[in-house]
Amino acid sequence: MMNHMIRALNNSQNTMIESPTGSGKSLALLCAALGWRRSFIERRWHSKERAPEIVERFIKHNSLPGFLNDDPFAIMNLSSKSIKKAPEATTTPSSLDGSTAVASAEPSVPPSKSETDIDANDSNISNFFAAESKSRYFSSQNSQDSSDMKDAGNKNAAKSTKSKVSKAREKAILKAARAQLPKTVEYILQMAKTQIPASLNQEDIDILTHYQENYSRPMYTPRIYFGSRTHKQVSQLIDELRRKTPYRVPMAVLGSRKQMCIHKKVKEAECVDDQCSELRDAKKCVPFAKFYNLFMHPSFARDGENEIWDIEDIVKLGKDLNACPYYASRELTSSAHIVFCPYNYILDPGVRSAVGISLEEDIVILDEAHNIEGAARDAASQEITDIQLEIISLECEKLIRKGVLVGTYLRTASMAERILSWLQSKFNVYEFHDCEIRTSVWPKNDMPLDSVLAQLGFTSQFVKQFEGDCNALEYHIKLYTSKDMHFLRDISSLRDSSYSESLENEDQHAVVIDHTENEHDYPKKELSHLSEGSMRLLKGLLRVLKHVVGNDSRFKDDYRVARIRQQNPARTSSAAHRNWKSKTDFPNWYPSSINTLAFWAMNPGIVFSEIANVSRSIVLTSGTLSPLDSYASELQTEFASTLEANHVVDSSRFRAMCIKFGASGRLLEGKYKNVDMLSYQDDLGQAVTSIAARCPDGMLVFVTSYSLMSKLLSRWKLTGHLAKIGAHKEVFTEMQGGSKEEFDVLLSQYCDYMKKSKGSSLPLKRGAIMFAVYRGKVSEGIDFSDHLCRTIVNIGIPYPAFKDVKVALKREYNDSRRKTQLQSPSSSAAALLSGAKWYDIQAFRAINQAFGRCLRHKRDWGAIIMLDSRLALPWNSMQLSKWIRQHIRVYDDFDQAKQDLEDFYGTLVEDDLITHKFAELSLE
């Protein structure tokens with residue numbers, strides 16, 4: 001895996017790596033990336049040191065390029081007059097982590113017309129050291145000297161003079177070659193394409209190649225951006241770096257204000273970002289004024305306590321210093337070698353811009369990337385509600401009354417009112433109806449996309465004006481927020497000063513900022529500029545409009561515009577009903593419905609290809625990337641290589657089973673038309689009961705939807721199957737729509753029950769069972785190792801909701817785009833998957849993700865049981881992860897499957913007992 005990744009980084013290529021959980025994937029990725037970066041610095045330094053010596057060897061034994069074959073003294077004179085040569089760098093890497101970069105600034109002479117295309121076989125090139133060339137060069141000197149020579153002494157003097165001239169010319173050529181080192185290296189490499197020059201070898205050519213690749217950016221070393229799906233997974237990566245690797249490099253972690261803010265009142269606010277902005281504008285945020293104290297804290301330096309840190313570490317230290325962790329972490333990013341963050345920080349152009357991520361020539365590693373296509377589509381999309389538009393309009397009106405940028409705010413308010421009128425019209429018609437959500441989508445047969453954009457006033461001229469207005473608003477915000485904040489020094493000067501010096505001026509900061517934080521000091525809602533949330537929405541809208549309407553409208557056909565009307569979820573939430581007992585109690589300003597203007601991106605390549613175009617390499621990795629077919633075409637990015645690794649767990653320690661028939665002999669096929677049949681539900685109940693009776697320890701059961709789970713549990717309660725399952729396992733059920741806190745409680749109850757019941761390393765006969773849903777919280781990112789999960793049961797194939805508006809639009813879009821691509825043979829892009837193929841892949845990717853909840857390390861063991869005959873079909877089984885499809889066993893006889901499963905459990909339980917007894921004897 002590490003070799004595979006390093007090859008991709010060396011060649012500046014993109015790659016995909018699927019490696020099952022427990023294989024050490026995260027550790028391998030960290031070591032490969034940091035090791036490559038260290039090697040990159042060493043090779044760059046080595047190539048800079050060796051390149052002049054290799055060029056000197058080349059000059060002494062090979063033909064010279066035309067620009068060196070001319071009078072070298074004239075070249076040197078020209079070089080000395082026109083080029084101010086930078087001093088040679090003498091710094092070498094001070095440590096293996098590459099913390100010291102090598103400076104280089106080789107001068108170059110502007111190429112003449114004949115030098116722009118160097119040819120190794122150029123007829124003008126001559127060998128300076130050839131005898132004939134020497135004779136021609138000294139002929140005029142010899143004739144002049146011979147006429148003046150009176151004796152043998154004069155002849156010896158002439159020879160000495162001739163020798164000095166020769167050495168002087170040779171020295172001048174070497175100096176000229178060094179002065180034009182990049183051009184000389186280019187000439188040598190051009191020759192090496194046909195034959196390696198005399199006195200050089202392949203190693204020399206490799207060194208010169210590396211020099212050529214990097215001399216133009218001698219001080220730059222690629223930064224590593226390591227993204228994962230959630231902050232919890234980011235924390236796990238940092239823990240791996242801290243505990244299991246020798247690498248200690250400058251690093252940073254990016255997080256949200258909500259996670260990092262230490263100001264009590266801001267944390268309690270409904271909108272943390274806007275409240276933070278208000279506090280800073282009012283100069284009432286003491287932690288913000290002192291964030292550089294945290295940024296410069298010695299614990300973040302090499303060998304410091306927080307040399308490798310996580311969000312919890314910087315928040316804790318921030319509280320101790322009363323300094324803002326959020327802004328300190330952003331400044332630490334500027335000097336970091338590796339940056340950890342959730343991957344929406346990398347994918348979303350708005351977030352990248354806000355936190356200052358450029359990605360140019362950087363390395364991007366996206367872990368848990370099985371959802372990357374959907375995440376990229378979401379990052380390219382934009383939605384804005386009528387409530388948000390009303391807030392923007394109100395803010396603009398307040399600022400207009402204050403006389404601030406009147407023309408700009410008038411145009412912005414007018415746009416908001418125009419969209420509001422379009423959204424809230426009584427004559428709106430909706431063609432899609434799903435429960436309480438109604439949707440209308442463009443383009444449609446009777447109205448192309450241009451027509452609805454024209455209704456909204458979104459023309460190319462408007463977009464140009466809107467871009468200028470957004471720039472003006474952003475500049476005004478920056479100007480205002482920086483006003484009177486002279487005490488926040490330029491960070492670059494702070495880096496050059498000691499920590500103690502940066503604290504000396506703390507008293508003068510207190511003159512500017514009121515350090516009291518009583519209730520009366522909290523800033524009033526006096527608006528001086530647009531709120532951060534409103535500005536973020538306007539910039540997002542502009543970004544989408546530039547794709548759809550502006551000059552860069554090549555993605556116009558990749559968007560769908562939607563008008564959505566739905567019931568206000570705040571009215572139906574439990575929190576709302578605690579405040580108002582009935583619907584009539586809701587205040588007038590509390591809207592009963594929300595109207596939304598949506599720009600849905602159908603093409604994830606809109607944002608992903610932008611990243612691929614600027615970064616050095618992208619590495620997509622997950623334990624469950626399969627199927628791999630869709631990534632290149634969907635993301636519009638070439639992946640030069642892929643790797644599907646085998647599982648680290650030996651095949652004898654897991655059992656992959658597909659059971660085609662239930663106990664009654666009926667086919668287990670979870671199609672839509674079958675799931676409501678009582679016979680199908682009863683067969684599933686019998687199967688799960690039989691498995692639960694034999695399975696030791698914990699067990700997970702995944703179904704396709706909460707609706708089906710409710711149907712099955714209700715039926716099994718009537719038939720007695722649920723009671724029988726409960727006799728063998730404590731039953732837990734994943735909740736629909738629950739909060740993160742509620743889910744954490746459920747997970748803790750499951751784990752605590754297993755821990756309390758176990759009491760030793762011996763297998764449990766009872767244990768627990770968790771019923772969950774594909775794509776739910778249980779199916780992703782949770783570690784059910786060892787006794788927490790010995791069996792996974794999969795019921796059905798979790799295809800996305802067929803009638804979901806976005807799913808239907810995506811299928812239609814893929815079919816349309818694929819047809820266009822196939823009709824254009826000249827297109828070099830990978831053909832897009834058909835809508836049906838894309839639809840299938842979403843289902844199997846969810847199945848593979850559920851499979852990954854167990855078998856978490858080399859000594860782990862467990863069974864994966866698929867209760868659906870369709871998974872035995874070759875074209876379906878090929879969509880499963882490699883480590884599953886290689887070992888899947890298909891059963892037509894339910895009783896035979898039960899017996900094999902019982903034998904497998906018996907063998908592994910016996911193995912655990914032997915291991916336990918051996919451990920006890922070792923302790924004695």
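## Exercises on a predicted model

At 28% relative accessibility, Asp786 counts as partly exposed, because the class runs between buried (under 20% relative accessible area) and exposed (over 50%), with a 1.4 Å probe and protein chains only. The model is predicted: local features need pLDDT of at least 70 and side-chain atom pairs pLDDT 80 or more, while totals for chains, interfaces and linings use all residues. Residues are numbered from 1 along each chain as its sequence is written, and side-chain values use heavy atoms, without hydrogens and water.

**Exercise 1.** Is Tyr774 buried or exposed, and which residues does Tyr774 touch?

*Solution.* Step 1: Tyr774 is in the loop between β16 (768–773) and β17 (791–794). Step 2: the relative accessible area of Tyr774 is 3%, so this residue is buried. Step 3: not counting residues up to four places away in sequence, Tyr774 touches Phe702, Val703, Thr704, Ser779, Asn794, Ile795, Gly796, Pro798, Ala846, Ile847 and Ala850; contact means heavy atoms within 4.5 Å. Step 4: Val703 is 71 residues from Tyr774 in sequence, but their C-alpha atoms are 6.3 Å apart. Step 5: the side chains of Tyr774 and Asn794 make a polar contact at 3.1 Å. A polar contact is a pair of N or O atoms within 3.5 Å; within protein, one must be able to donate a hydrogen and the other to accept it, and residues adjacent in sequence count only if both atoms are side-chain atoms.

**Exercise 2.** Which residues does Ser609 contact beyond four places in sequence, and which backbone oxygen lies 2.4 Å from a polar atom of its side chain?

*Solution.* Step 1: Ser609 belongs to helix α30 (residues 605–614). Step 2: Ser609 has a relative accessible area of 11% and is therefore buried. Step 3: the backbone oxygen in question is that of Gly605. Step 4: leaving aside neighbours within four places in sequence, Ser609 is in contact with Leu635, Gln636 and Thr637.

**Exercise 3.** Classify the packing of helices α36 and α37 and list the contact residues.

*Solution.* Step 1: α36 (residues 805–822) and α37 (residues 835–851) pack at an angle of about 135 degrees, with their axes 7 Å apart. Axes are lines fitted to C-alpha atoms, for helices over the stretch in contact, and angles run from 0 to 180 degrees between N-to-C directions. Step 2: that makes α36 oblique to α37, since angles under 35 degrees count as roughly parallel, over 145 as roughly antiparallel, 65 to 115 as roughly perpendicular and the rest as oblique. Step 3: α36 contributes Val807, Lys810, Arg811, Asn814 and Asp815, and α37 contributes Gly835, Ala836, Trp838 and Tyr839.

**Exercise 4.** Which members of the largest nonpolar core touch the most other members?

*Solution.* Step 1: a nonpolar core is a set of buried Ala, Val, Leu, Ile, Met, Phe, Trp, Tyr and Cys residues joined through side-chain atoms within 4.5 Å. Step 2: the largest core has 128 residues, and Phe340, Ile372, Phe458, Leu597, Phe599 and Leu620 touch the most other members. Step 3: a second, separate core of 37 residues includes Leu700, Tyr750, Ile782 and Cys789. Step 4: beyond four places in sequence, Leu620 touches residues including Ile17, Leu366, Ile372, Phe608 and Phe639.

Note on methods. Helix = DSSP H or I, 4+ residues; strand = E, 2+ residues; numbered from the N terminus.
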